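Here is my note on the model you sent. Please read it with the structure open beside you.

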Amino acid sequence: VIKCKAAVAWGAGKPLSIEEVEVAPPKAHEVRIKIVATPVCHTDAYTLSGADPEGCFPVILGHEGAGIVESVGEGVTKVKKGDTVIPLYIPQCGECKFCKNPKTNLCQKIRITQGKGVMPDGTSRFICKGKQIYHFMGTSTFSEYTVVADISIAKIDAAAPLDKVCLLGCGISTGHGAAVNTAKVEPGSTCAVFGLGGVGLAVIMGCKIAGASRIIGIDINKDKYAKAKEFGATECISPQDSKKPIQEVLVEMTDGGVDYSFECIGNVGVMRAALEACHKGWGLSVIVGVAAAGQEISTRPFQLVTGRTWKGTAFGGWKSVDNVPKLLTEYMSKKIKVDEFVTHTLPFDKINEAFELMHSGK
């Protein structure tokens, strides 16, 4: 058993608490990782808020990270002690019907136990103050050591800077993949990206790489426009600058609507606007943001009857074990940006400050 520091969420709506936790050794087909760096994401904040129907407490949150394999359980062949890895909240077992189908990346092998906050055998590897602590999204990267299933890790190049490439565990991969895999953005097309946080910027990057000629960024926070343009946005607009609904503004700006739109916020009203901003006959809108539990999307069926398509994406459609190392190679060869997404680097015990910076849009 390893004793180390972790940020424990004891209950919904409370700040994270830095505690000493005990991390049990990995069982069969499990891997224990020393986490070197972890970003914070709105998905962690969503569960912490209490709005997540799958949220269970006490829990160690965190689903983006990078680290070094400390030890492996029985039967693990893919990685060994000392390997550099990124934990994956969407695993890839290679055996289930989802993994065998080229149309999806949603491996279901450990979905049920992962959703319940436990390892595949139904138990936890974390104890704090004598209490069992739940796992989160199969990764729990807000701990100096964590245990994950061996199908939930991607082995990466040891030369990679872990304080940067940890972002490939969710945000960058999700946004970039939404553009290139889910939407399959075409050269010369017009795109609209709703929400200019990390995921939205990654969508913009993906649209630019795919050859889009016009990329419109949409956010009420104008402080985000300069960064969006660095990533490839050709212009940025705020819904608050017009009395008309934003979809009408976009339809007028683009001679009938955009070819592709992306909702990167998790707001069902914005999801509708993003669909209705698409061009009749061929417009495609991708939902990337995660809405709160129980919410529903709506539009007039005529929007779809007249040729618009509504799609969703998780982890950008990438089959995780196969593609995270490829994305890392693209980063190392300067084909995709990663460093530019990092705004602040804080010590682990300032993790609550990191959440405050995220909530304030900084």
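1. **A term to start with.** Two residues are in contact when heavy atoms of theirs lie within 4.5 Å. Keep that cut-off in mind for the packing described next. Keep in mind, too, that this is a predicted model.

2. Begin with helix H1, residues 42-49. Which of its residues are buried? They are Asp 44, Ala 45, Tyr 46, Thr 47 and Leu 48. What do these buried residues pack against? Their partners are strand E1 (2-9) and helix H12 (351-359). Just after H1 comes Gly 50, with a positive phi of about 100°.

3. **The overall fold.** Step back to the whole protein. It has 12 helices and 16 strands. The C-alpha trace spans about 65 × 40 × 35 Å along its principal axes. For 362 residues, a compact globule would have a radius of gyration near 21 Å; the value here is 20 Å, so the two agree.

4. How much of the protein is buried? Buried residues make up 54% of the 362. The protein exposes about 16000 Å², and carbon and sulfur atoms supply 53% of that area. Now take the contacts with a separation of 6 or more: residues 24 or more positions apart account for 71% of them.

5. **Charges.** The protein has 41 positive and 37 negative charges. A search of the whole structure finds 14 salt bridges.

6. **Glu 19 and Lys 129.** The side chains of Glu 19 and Lys 129 form a salt bridge, at 3.3 Å from N to O. Why does this pair tie together parts that are 110 residues apart in sequence? Because Glu 19 lies in strand E2 (residues 17-23), while Lys 129 lies in the loop between strand E7 (126-128) and strand E8 (131-133). Are the two partners buried or exposed? Glu 19 has 12% relative accessibility, so Glu 19 counts as buried. Lys 129 is exposed, with a relative accessible area of 65%. The backbone of Lys 129 deserves a look as well: its phi is positive, about 55°, although Lys 129 is not a glycine.

7. **Asp 163 and Lys 164.** These residues also form a salt bridge, with the closest N and O atoms 3.3 Å apart. Asp 163 is partly exposed, at a relative accessible area of 38%. Lys 164 is partly exposed too, at 21%. Elsewhere, salt bridges that share partners join Lys 27, Glu 30, Asp 121 and Arg 125 into one network.

8. **Asp 121 and Arg 125.** Look at one pair from that network. Asp 121 forms a salt bridge with Arg 125, and their closest N and O atoms are 3.1 Å apart. Asp 121 counts as partly exposed, at 41% relative accessibility. Arg 125 is buried, with a relative accessible area of 2%.

9. **Backbone details.** Find the peptide bond between Phe 57 and Pro 58. This bond is cis, with omega about -5°. Pro 58 is in the loop between H1 and strand E4 (59-60). Then find His 29, in the loop between E2 and strand E3 (30-37). His 29 has a positive phi of about 60° although it is not a glycine. His 29 is partly exposed, with a relative accessible area of 43%.

10. **Asn 181.** This residue is in helix H5 (residues 171-183). Asn 181 is partly exposed, with a relative accessible area of 23%. Which residues does Asn 181 touch, not counting those up to four places away in sequence? They are Gly 316, Gly 317 and Trp 318. Glu 248 is 67 residues from Asn 181 along the chain, and their C-alpha atoms are separated by 27 Å.

11. **His 279.** Last, go to the loop between helix H9 (268-276) and strand E15 (284-287), where His 279 sits. At 17% relative accessibility, His 279 counts as buried, because the cut-off for buried is under 20%. Leaving out residues up to four places away in sequence, His 279 touches Asp 255, Gly 256, Gly 257, Val 258 and Arg 308.

Note on methods. Residues numbered from 1 in each chain as written. Predicted model: local features only at pLDDT ≥ 70, side-chain atom pairs only at ≥ 80, totals over all residues. Heavy atoms only, no water. Buried < 20%, exposed > 50% of the residue type's maximum accessible area, 1.4 Å probe, protein only. Helix = DSSP H or I, 4+ residues; strand = E, 2+ residues; numbered from the N terminus. Rg over C-alpha atoms; globule rule 2.2 N^0.38 Å. Areas by Shrake-Rupley, 256 points an atom, 1.4 Å probe, with all protein chains shown as cover. Lys, Arg positive; Asp, Glu negative; His and termini not counted. Charge placed at Lys NZ, Arg CZ, Asp CG, Glu CD. Salt bridge = Lys/Arg side-chain N within 4 Å of Asp/Glu carboxyl O.
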